[in-house]
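The sequence and the structure are displayed below, and the account then moves from individual residues to the chain as a whole.

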Amino acid sequence: MEKLILNENNVQLQTEAKNWEEAVRIGAEMLVSQGCAEQSYVEGIISAIKELGPYIIVADGLAMPHTRPECGATGIGCSLITLKEPVFFDGDKEPVRVLICFSAVDSESHLDILKMIVGFVEKGWIPEIAAMKDKQELFDFLNKNSNA
């Protein structure tokens, strides 16, 4: 899970997005930039949300955009974006300010990523992460609290 470490290349804070689709594209495009997914993966996420609804919302304020590996996942990766203004997904009344996009190539890596994200939720970090304005502040927070 070495590639899942959040860094300068896969984190954007206080991002501006007009709607949920733009927010998902911003986060998922980082997977493409990292070489973890093809453009078809981004389109697969958008299509799945339009077809299935906001299945990616896993906790208040948090969405976890991803889709099936065969849609274009080429490696294991993740990205985290926070939004300056929350977005609403069709069919959901809760605003989303944090998106953790990921690509996984098999069920084991998929579960490992889910465990990491569930850890953020269980520790109550989502509101705190959503409010952060500086990447170093985020990295310091995660490093300080990762073993807590």
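His-66 is placed in the loop between β3 (61–63) and β4 (77–87); helices (H or I, at least four residues) and strands (E, at least two) are DSSP runs, numbered from the N terminus. The model is a predicted one, in which local features need pLDDT of at least 70, side-chain atom pairs count only at pLDDT 80 or more, and totals for chains, interfaces and linings use all residues. Residues are numbered from 1 along each chain as its sequence is written, and side-chain values use heavy atoms, with hydrogens and water left out.

With a relative accessibility of 11%, His-66 counts as buried (buried means under 20% relative accessible area, exposed over 50%, and partly exposed in between, with a 1.4 Å probe and protein chains only). A polar atom of the His-66 side chain lies 2.7 Å from the backbone oxygen of Met-64. Apart from neighbours within four places in sequence, His-66 is in contact (heavy atoms within 4.5 Å) with Tyr-41, Ile-45, Tyr-55, Ile-56, Phe-102 and His-110.

## Ser-103 in strand β5

Ser-103 belongs to strand β5, which covers residues 96–103. Its relative accessible area is 0%, so Ser-103 is buried. The Ser-103 side chain reaches the backbone oxygen of Cys-36 at 3.4 Å.

## Other residues

Gln-14 lies in strand β1, residues 11–15. Most residues other than glycine have a negative phi. The phi of Gln-14, however, is near 55 degrees, a positive value in a residue other than glycine.

Ser-47 is located in helix α2, residues 39–52, and is partly exposed at a relative accessible area of 43%. Lys-18 is assigned to the loop between β1 and α1 (20–33) and counts as exposed, at 75% relative accessibility. The table gives one C-alpha separation for each of these two residues.

| Residue pair | Separation along the chain | C-alpha distance |
|---|---|---|
| Ser-47 and Thr-67 | 20 residues | 9.4 Å |
| Lys-18 and Pro-54 | 36 residues | 17 Å |

## The chain as a whole

The protein chain contains 5 helices and 5 strands, and its elements follow the order β-α-α-β-β-β-β-α-α-α from the N terminus on. The radius of gyration of the protein chain is 14 Å, close to the 15 Å given by the globule rule for 148 residues, so the chain is as compact as a globular protein of that length. This radius is taken over C-alpha atoms, and the globule rule is 2.2 Å times the number of residues to the power 0.38. Along the principal axes, the C-alpha atoms fill a box of roughly 35 × 35 × 25 Å.

Of the 148 residues, 47% are buried. Among contacts between residues at least 6 apart in sequence, 67% join residues at least 24 apart.

The protein chain exposes about 7600 Å², of which carbon and sulfur atoms supply 50%. There are 13 positive and 23 negative side chains, and the centres of the two sets lie 3 Å apart. In this count Lys and Arg are positive and Asp and Glu negative, while His and the chain ends are not counted.

Notes:
A polar contact is a pair of N or O atoms within 3.5 Å; within protein, one must be able to donate a hydrogen and the other to accept it, and residues adjacent in sequence count only if both atoms are side-chain atoms. Accessible areas come from the Shrake-Rupley method with a 1.4 Å probe; for residues, only the protein chains shown count as cover. The place of a charge is taken as NZ of Lys, CZ of Arg, CG of Asp or CD of Glu.
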